[in-house]
Amino acid sequence: MASFKVADASEYLAITGWGIDDVKLAKKAWVWVGQQCKKFDITPVNYEFEVHAMSSEKLPFILPAVFTIGPKIADDGTHGASLLLYAKLIAPHDKNSSHVRELVKGVIEGETRVLAASMTMEEIFQGTKSFKQAVFENVQLELNQFGLYIYNANVKQLVDVPGQEYFSYLGQKTQQGAVNQAKVDVAEARMRGAVGAKEREGTTLQKAAEVDAQTKVFRVRQEAIGIKEQAKVEAEVKVFENEREAVVAAAKADLATKKAAWDRQTKVAEVEAAKAVAIREAELQMEVERKNALRLTEKLKAEQLSKATVQYDTQVQDSNAALYSRQKAAEAKLYEQQKAAEARKAQADAQFFEQKLAEDAKLYAKQKEAESLATVGKAKADYVASMLQALGGNYHALRDYLMIDGGLYQEMARINAGAVSGMQPKISIWTNGSDGGSGAGGVDLAGGPSGGAAMQQVAGVYKMLPPLLSTVHEQTGMLPPAWMGALPKEAN
């Protein structure tokens, strides 16, 4: 049987089995008996990471990044080697699974750390764009072997790890420099505006004074010309009319007086205009000098501020260097403490191993001792059972035999002898009733006592016990144990 399979727009079919050497990729295909078909999604996925890296000066930093990664599709829409690799290596897993995420994260972190370790922090910060581009290119080279392609990558601003403030200090330095430069620019702009306004105002006043002076001179000249013409006409008329000479003389005297007044007024006007111009020039010169003083003051302030900024940056660098030295010293001390702790742990492990071997040896010895005791006990039990069987099941006879064989009576005799040593005890002599002759026991052909003779000897010893116990009681006052029996009534 065969079935016709069709993939969605964002899917592909991966077909394996009969008639296919490796893997066949298609958007639609017939799936025959002996073949297996699986759909896989090719939609890109966003992976967001915070990559922890360290520069060549051992300064750590964090690189927040968001990568849009998916299988690479050919430009003409067909599948190629990259999609085939993706179908083999990544498609069997869920693209949102931790396996794929850890794979991508490992590639990105590895390439970022390798690249950052070869650059200083200043190179990374100044060349952020080139650094990011190098990271993308190196990551893409590693992802090619899995058939993955970076469709988009967005790397955020480099940030400090907790406890580090390198980028913070660098940003403060840049911000403070911009603020200081802005202050200088504003001060210079204000100075140029104030000086320009004052210069324009002075120029306006100068032009106005010049126009006023020219107007006054022109007016005086016009008036003088009018008076002159008038005097001329009058003189001609007076001459023409042949008036009296006194009137003509008076007219001439009056004309002379008026001319003197006119000349005086003209000169006064000119002097006043010159004084006004000089006063204005002095005022403008004083304003210019005051502005120059303000400009020099602002310049000195800017220079002092720049020096203070440079001194602040130098102190910040010295502080960072001191902090770095203290961090390295702390790391070295921590390393030494770790090594000392490891040595103590190894010594403790060795002592524990020796103690364990000693305990194992003791345990083995006790096990062997218990085994030997168990063997001895088993042998004794077998011996007692065989003796009980040999005595025909007579427990009392077996008990007496074991006491004799264990040397109990000899020990009792030794103790009694020690108790009566140096005394004059009462001597009792008794026998077991046998004459000690040949009838005491026979000898079998093998050279040993026969079973009947042994039993007679045991019975004789048993008969000897009551007199022995009575003697011990008489001499020491000691009674025999209850399991051995009781003394005759007359002995009590």
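Start by selecting tryptophan 18, which sits in the loop between β2 (11–17) and β3 (24–26). Keep in mind as you go that this is a predicted model. Is tryptophan 18 buried or exposed? With 60% relative accessibility, tryptophan 18 counts as exposed, because the cut-off for that is over 50%.

Together with Trp18, they make a nonpolar surface patch of about 610 Å².

Next, go inside. The largest nonpolar core has 40 residues, and Phe40, Phe61, Ile69, Val104 and Phe131 are the ones that touch the most other members. Colour the elements that give two or more residues to this core: among them are β2, β7 (60–71), α2 (98–117) and α4 (128–143). Which element gives the most? That's α2, with 6 residues. The core also draws at least three residues from each of domain 1 (1–41) and domain 2 (42–164).

Then select residues 245–390, and you have helix α6. This helix has 146 residues and reaches 211 Å from its first C-alpha to its last, close to the 218 Å expected at 1.5 Å a residue. Pick out some of its buried residues, including Val248, Leu284, Ala302, Val316 and Met387.

While you're in α6, stop at lysine 301. Lysine 301 is exposed, with a relative accessible area of 52%.

Last stop: glycine 392, which follows α6 and has a positive phi, near 70°.

Terms used:
Residues numbered from 1 in each chain as written. Predicted model: local features only at pLDDT ≥ 70, side-chain atom pairs only at ≥ 80, totals over all residues. Heavy atoms only, no water. Helix = DSSP H or I, 4+ residues; strand = E, 2+ residues; numbered from the N terminus. Expected span 1.5 Å × (residues − 1). Buried < 20%, exposed > 50% of the residue type's maximum accessible area, 1.4 Å probe, protein only. Patch = residues over 30% accessible without salt bridge, like charges linked within 9 Å, V, L, I, M, F, W, Y side chains within 5 Å. Areas by Shrake-Rupley, 256 points an atom, 1.4 Å probe, with all protein chains shown as cover. Salt bridge = Lys/Arg side-chain N within 4 Å of Asp/Glu carboxyl O. Core = buried A, V, L, I, M, F, W, Y, C linked by side-chain atoms within 4.5 Å. Domains from an automatic or database assignment.
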